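Here is a walk through one chain, from its overall build down to single residues. Keep the sequence and the 3D view side by side as you read.

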Amino acid sequence: DLSWERRLADSAKLSMNLGWSSLERSGKFHFWGRDKDSALRVHRYVAGDADENETRFHGKYLAPYSAAHVVSLGWEMSHALRHENRDEQEQAFPSQQADQTAHAYQASVRKLAAYLQDEWTVNARWSGYLGLRMENIRSASQEVGFFDVHKSTSMLSPIVQAVWKVD
């Protein structure tokens, strides 16, 4: 992650963070199926791999308008993309009948959020927050020839919070 913060005029502050993460994995598995007499009936071999990358960007602008009140405006954005492959080979016994399947999936999630809130300090131990937050999440998942699903949802919600700090 890379973070940046800057003090602005009138004690205002702007902070931002940019991040990226990556994950790769692969695995190979053997499954042996036996009947109640322990005779081998099926052998299944599965090989799979996946990679996922996510990029994130969030920030906050704080503008004090009195000693006890601060207006806060913030945002969060992220995008994740995942690819996954799965190959299966199955052999039945005693017929020796074989079957092979291959799957390639792709999924993505995009999140956007913004909020505006008033933060106020009641005393050294108590503070409160009142605001509004808007979020949007879009997701997609597909396997060519099998499915292609896209979903999007948005939500507007209030922020009401009281904080008591323990010494």
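The chain holds seven strands and zero helices. Here helices (H or I, at least four residues) and strands (E, at least two) are DSSP runs, numbered from the N terminus. Read from the N terminus, the order of elements is β-β-β-β-β-β-β. Before going further, note that this is a predicted model: local features need pLDDT of at least 70, side-chain atom pairs count only at pLDDT 80 or more, and totals for chains, interfaces and linings use all residues. Residues are numbered from 1 along each chain as its sequence is written, and side-chain values use heavy atoms, with hydrogens and water left out.

Start with the overall form. The C-alpha atoms fill a box of roughly 80 × 35 × 30 Å along the principal axes. The radius of gyration of the chain is 26 Å, whereas a compact globule of 167 residues would have one near 15 Å. That radius is taken over C-alpha atoms, and the globule rule is 2.2 Å times the number of residues to the power 0.38.

How much of the chain is buried? Buried residues make up 22% of the 167 residues. Buried means under 20% relative accessible area, exposed means over 50%, and partly exposed lies in between (1.4 Å probe, protein chains only). The accessible surface of the chain is about 11900 Å², and carbon and sulfur atoms hold 56% of it. These areas come from the Shrake-Rupley method with a 1.4 Å probe; for residues, only the protein chains shown count as cover.

Contacts tell another part of the story. A contact means heavy atoms within 4.5 Å. Among contacts with a separation of 6 or more, 58% join residues 24 or more positions apart.

Then the charges. The chain carries 20 positive and 22 negative side chains. The centres of the two sets lie 4 Å apart. Lys and Arg count as positive, Asp and Glu as negative, and His and the chain ends are not counted. Each charge is placed at NZ of Lys, CZ of Arg, CG of Asp or CD of Glu.

Now follow the chain from its start. Strand E1 covers residues 2-7. Zero of its six residues are buried, so E1 lies largely in the open. E1 pairs with strand E2 (residues 13-34) in the antiparallel sense, over six bridges. Two strands count as paired if DSSP finds at least two bridges between them. Leu-2 has Leu-18 of E2 as its bridge partner, and Glu-5 stands opposite Ser-15 in E2.

The hairpin of E1 and E2 has five residues between the strands. Most residues other than glycine have a negative phi, and most peptide bonds are trans. Asp-10 has a positive phi, near 55°. Its relative accessible area is 72%, so Asp-10 is exposed. Ser-11 also sits in the loop between E1 and E2. Ser-11 is not a glycine, yet its phi is positive, about 65°. With 54% relative accessibility, Ser-11 counts as exposed.

Next comes the pairing of E2 with strand E3 (residues 40-64). The two run antiparallel and are joined by 22 bridges. Ser-21 has Glu-54 of E3 as its bridge partner. The hairpin of E2 and E3 has five residues between the strands, and Ser-38 there takes a positive phi near 70°.

Further along is a cis peptide bond. It runs from Phe-93 to Pro-94, with omega near 5°. Pro-94 lies in the loop between strand E4 (69-92) and E5.

Two residues close the tour. Leu-116 is found in strand E5 (residues 98-121). Is Leu-116 buried, exposed or partly exposed? Its relative accessibility is 47%, so Leu-116 counts as partly exposed. Not counting residues up to four places away in sequence, Leu-116 touches Val-71, Ser-72, Leu-73, Leu-130, Gly-131 and Leu-132. Leu-116 and Met-134 are 18 residues apart in sequence and 9.2 Å apart in space, C-alpha to C-alpha.

Ser-127 belongs to strand E6 (residues 126-143). Ser-127 has 9% relative accessibility, so it counts as buried. Leaving aside neighbours within four places in sequence, its contacts are Trp-120, Thr-121, Val-122, Gln-161, Ala-162 and Val-163.
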